[in-house]
Structure formats: C-alpha cells, structure tokens
Amino acid sequence: MLTWTEVLKISKSGNPSSKPKVVKTLDQWQAILPAETFRVARKAATERPFSHDSCQSFQPGKYQCACCAELLFDASEKFDSGTGWPSFTQPISREAIGYHADYGHGMVRIEVVCNICDAHLGHVFPDGPPPGGLRYCINGISLTKATDEPQQTEQSMESH
C-alpha cells in the first residue's frame with residue numbers, strides 16, 4: 001500500500017519503471033481523442049466538478065486510461081470524497097501511476113499521470129480515508145471503464 005511519504009519520495013526521485021511508453025505528438029492525440037478528453041488528459045485541464053457520471057458510480061470493475069487503455073484503478077478502491085471528482089485510495093499497481101510535483105495556481109500539489117502515456121489524470125492528496133490516507137482525485141474523463149479483459153486499442157498498439 002502506497003503512503004503519502006512514498007508518493008512524495010517517488011515524485012522527487014522518479015517514477016517507477018513501467019511498460020514501454022506510448023508516445024505521440026499532441027497533433028496525433030488530438031486526432032484520435034474527443035475534444036474534452038484531449039483538453040483534460042493532454043493539456044492538463046480540469047473537468048468541472050460533478051460533471052462526469054463516474055463520480056457517482058461505485059459498481060465493481062476496473063478503470064483504464066482514456067488515452068492508452070492501461071489499467072489504472074480498481075473500483076474496490078473508489079470512495080465518495082464529496083469533491084465532485086472520482087476518488088480512489090490506491091492505484092491498481094505501483095507502476096500504473098506517475099507522480100510530478102505541481103507548483104501551479106499558487107499551490108504545491110502532486111499531479112498524477114498515466115505512467116504509460118503521461119495522460120494527466122488529476123492529483124493525489126494526503127486527506128483520504130484510512131488505512132493509507134490517500135485520495136487520488138481523478139478527472140472522470142481521463143478514465144474509461146475497462147472490460148473484463150484488457151483490450152489493445154489502436155492507441156496502445158501504436159507506441160514507439
């Protein structure tokens with residue numbers, strides 16, 4: 001189980017090694033993603049609170065990156081944070097998420113990204129429920145609900 005101390009250490013020392021990266025130009029991402037997904041996931045925007053239906057969905061399953069289909073979160077770690085964004089206590093694996101210090105908007109936060117394609121997901125905070133105390137505050141549009149078997153999508157097959 002990841003802790004806040006470990007998240008801070010990873011954000012400073014480097015993200016865990018992962019599978020081969022999916023690398024595309026912004027123009028390539030823009031050509032294959034819906035406009036709002038592109039704006040949030042590739043341009044690090046934030047969707048409006050309570051605007052995505054996954055915020056209130058707590059059905060079993062897994063969530064994957066909307067850009068590359070990498071599995072990122074399990075619904076068993078999802079909770080209602082009351083913030084207006086889907087919230088999770090832990091990622092599906094230590095290698096799934098990348099962490100970056102974010103000093104924007106006059107704050108110090110830890111940005112979370114897909115560790116395969118660097119899609120902006122949201123931020124992680126140390127105010128989640130026990131036992132880990134983490135709250136991954138995620139833009140719902142950066143995720144899609146996964147099927148039972150991970151599928152290779154056009155985006156994930158075109159990695160270099």
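Trainee: What makes β1 and β2 a pair, and over how many bridges do they pair?

Mentor: β1 and β2 pair in the antiparallel sense over three bridges. Two strands pair if DSSP finds at least two bridges between them, so three bridges pass that test. Before we go on: this is a predicted model, where local features need pLDDT of at least 70 and side-chain atom pairs count only at pLDDT 80 or more, while totals for chains, interfaces and linings use all residues. Residues are numbered from 1 along each chain as its sequence is written, and side-chain values use heavy atoms, with hydrogens and water left out.

Trainee: Which residue in β2 is the bridge partner of K62, and what sits between β1 and β2?

Mentor: The partner of K62 is D74. The two strands form a hairpin with five residues between them, and A69 in the turn has a positive phi of about 70°. As for the names, strands are DSSP runs of E with at least two residues, helices are runs of H or I with at least four, and both are numbered from the N terminus.

Trainee: What is the strand order of the open sheet, and why are β2 and β9 called edge strands?

Mentor: The open sheet has three strands in the order β2-β1-β9, with antiparallel pairing. β2 (71–74) and β9 (143–145) are the edges: each pairs on one side only. Neighbouring strands are turned by 35° against each other on average, direction ignored. For that angle, axes are lines fitted to C-alpha atoms (for helices over the stretch in contact), and angles run from 0 to 180 degrees between N-to-C directions.

Trainee: Why is the pair of Y63 and F88 called edge-to-face?

Mentor: There are four aromatic pairs in the structure. In this one, the ring centres of Y63 and F88 are 5.4 Å apart, with 70° between the planes. Rings of Phe, Tyr and Trp (its six-membered ring) pair if their centres lie within 6.5 Å, and planes over 60 degrees apart count as edge-to-face, under 30 as stacked and the rest as tilted. Y63 sits in strand β1 and F88 in strand β4 (residues 87–88), 25 residues apart.

Trainee: What makes the pair of F73 and F88 stacked, then?

Mentor: The centres of F73 and F88 are 4.3 Å apart and their planes are at 20°, so the pair is stacked. F73 is in strand β2 and F88 in strand β4, so this pair ties together parts 15 residues apart in sequence. Ring pairs link Y63, F73, F88, Y99 and Y136 into a cluster. Y63 and F88 are buried, and F73 is buried as well.

Trainee: How do you know that K78 lies over the face of F58?

Mentor: K78 is at 4.5 Å from the ring centre of F58. A charge sits over a ring if NZ of Lys or CZ of Arg is within 6 Å of the ring centre and within 35 degrees of the ring normal. K24 lies over the face of W29 too, at 5.6 Å from the ring centre.

Trainee: Which residues of α1 are buried, and how do you know that they line one face?

Mentor: In α1 (residues 4–13), the buried ones are V7, I10 and S11. Down the helix axis they fall within an arc of 100°, so they line one face. That arc is taken from the directions from the helix axis to the C-beta atoms. T5, K9, K12 and S13 are exposed on the other side.

Trainee: Why is A44 called partly exposed?

Mentor: Buried means under 20% relative accessible area, exposed over 50%, and partly exposed in between (1.4 Å probe, protein chains only). A44 has 45%, so partly exposed it is. D118, at 41%, is also partly exposed.

Trainee: Where is A44 found, and what is its phi?

Mentor: A44 is in the loop between α3 (35–42) and β1, with a positive phi of about 60° although it is not a glycine. D118, in the loop between β6 and β7, has a positive phi near 65°.
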